[in-house]
Amino acid sequence: MSETIRVAQIGTGNVGVHALRALITNPGFELTGVWVSSEAKSGKDAGELAGLDVSTGIAATTDLEAVLATKPQCAVYTAMADNRLADALHDYRRILAAGINVVGSSAVFLQYPWQVIPQEMLAPLEDAARDGNSSLFVNGIDPGFANDLLPLALAGTCQNIQQIRCMEIVDYATYDSATVMFDVMGFGKPLDETPMLLQPGVLSLAWGSVVRQLAAGLGIELDEVTERHERHPAPDDFDIAAGHIPKGGAAALRFEVLGMVNGKPAVVLEHVTRLREDLQPDWPQPAQPGGSYRVEITGEPSYAVDICLSSPNGDHNHAGLVATAMRVVNAIPAVVAAPPGIRTTLDLPLVTGRGLYAPT
């Protein structure tokens, strides 16, 4: 029998609620504390926040120090980072320096941060991990297993490779986060207004980790990482889960982050994002209604693999949130056992789903 791992949950939003549920229900983990960002959630039992009909006796708190004082071996960090990056990186440093390993779903560039973020941003994290003898692993689905674990496994069966392209082709209409949809991605906003995501260099910051890690897996040096995007307006007014999209507001987005070698794109991350399935019909279409992920390898042999997520408890977006949470939660034993520092899919052992079989 493996030893139970003491774990704290940091953040109980769209991803965190699924992580928290797993920490409560999986006997391999012992929940020690829960941090929340809002006073409305503070004081509530972790079981209630997870949507479970159980009382854990652990009350959520907005005091991170109080959570760290419970001495977990690992923290699951799913707090929003996109619009509070400095705060999130400060949180990571505090947790790591306290001798606590961390698995997280953000900030996404930490999937593989080298040559992606400036060394002055990276060094304090590496110093904190060394000082605390702790490890950090950030992953999910995209950036995450759909564009590191899966394409590199396929690449390992090739004789030669000209390009790896990883795609997300998803309808975001049911993604219920106004911050992400409107403030970060700029949906519903006028096309002459540039949102946070499309400011110069931000796409390469957010998904540069993907192309850099793929290049590292292939053993190639990239000459540069470039980006491009296009947006299209809503033909009429309509509503999505996060709010209202006015006619003329941004309703479809396509972008690429390209890792270049000798003027050719060797590794590519592409997103095709619609808020309605009838928008931009000439763009790549998903393999199932709502959305899918795709890995395309051009080489000998070539591959085209579609990853179609679904769930008995929700749609493709719900399934993606669960997969994001569980990619990092299931990696906890490997991360706790890993050497200190920032860990990636390239150096962690394969996470197989051990202990998760549950016949219904």
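User: Which strands form the open sheet, and in what order?

Analyst: The open sheet is formed by 6 strands in the order 7-10-11-6-12-13, and the pairing is mixed. Strands here are DSSP runs of E with at least two residues, helices are runs of H or I with at least four, and both are numbered from the N terminus; two strands pair if DSSP finds at least two bridges between them. This is a predicted model, in which local features need pLDDT of at least 70 and side-chain atom pairs count only at pLDDT 80 or more, while totals for chains, interfaces and linings use all residues. Residues are numbered from 1 along each chain as its sequence is written, and side-chain values use heavy atoms, with hydrogens and water left out.

User: Which strands stand at the edges?

Analyst: Strand 7 (224–233) and strand 13 stand there, each with a single partner strand, so one side of each has no neighbour in the sheet.

User: How do strand 12 and strand 13 run?

Analyst: Strand 12 (residues 291–300) and strand 13 (residues 303–307) run antiparallel and are joined by 5 bridges. The two form a hairpin with 2 residues between them, and Tyr 293 stands opposite Ile 307 in strand 13.

User: And how many bridges join strand 10 to strand 11?

Analyst: There are 10 bridges between strand 10 (residues 250–261) and strand 11 (residues 264–274), which also run antiparallel; Met 260, for instance, has Pro 265 in strand 11 as its bridge partner.

User: Switching to helix 4, what should its residues span?

Analyst: The 13 residues of helix 4 (residues 85–97) should span 18 Å at 1.5 Å a residue, and this agrees with its end C-alpha atoms, which are 18 Å apart. The expected span is 1.5 Å times one less than the number of residues.

User: Which residues of helix 4 are buried?

Analyst: They are Ala 88, Leu 89, Asp 91, Tyr 92, Ile 95 and Leu 96, where buried means under 20% relative accessible area, with a 1.4 Å probe and protein chains only. These residues cover an arc of only 155° around the axis, which puts them on the same side of helix 4, the arc being that of the directions from the helix axis to the C-beta atoms.

User: How many disulfides does the structure hold?

Analyst: It holds 0 disulfides, a disulfide being a pair of cysteine sulfur atoms within 2.5 Å. Cys 166 is in no disulfide, and the nearest cysteine sulfur, that of Cys 158, is 12 Å away.

User: Is Cys 166 buried or exposed?

Analyst: Cys 166 counts as buried because its relative accessibility is 1%, and Cys 74 counts as buried at 0%.

Key: Buried < 20%, exposed > 50% of the residue type's maximum accessible area, 1.4 Å probe, protein only.
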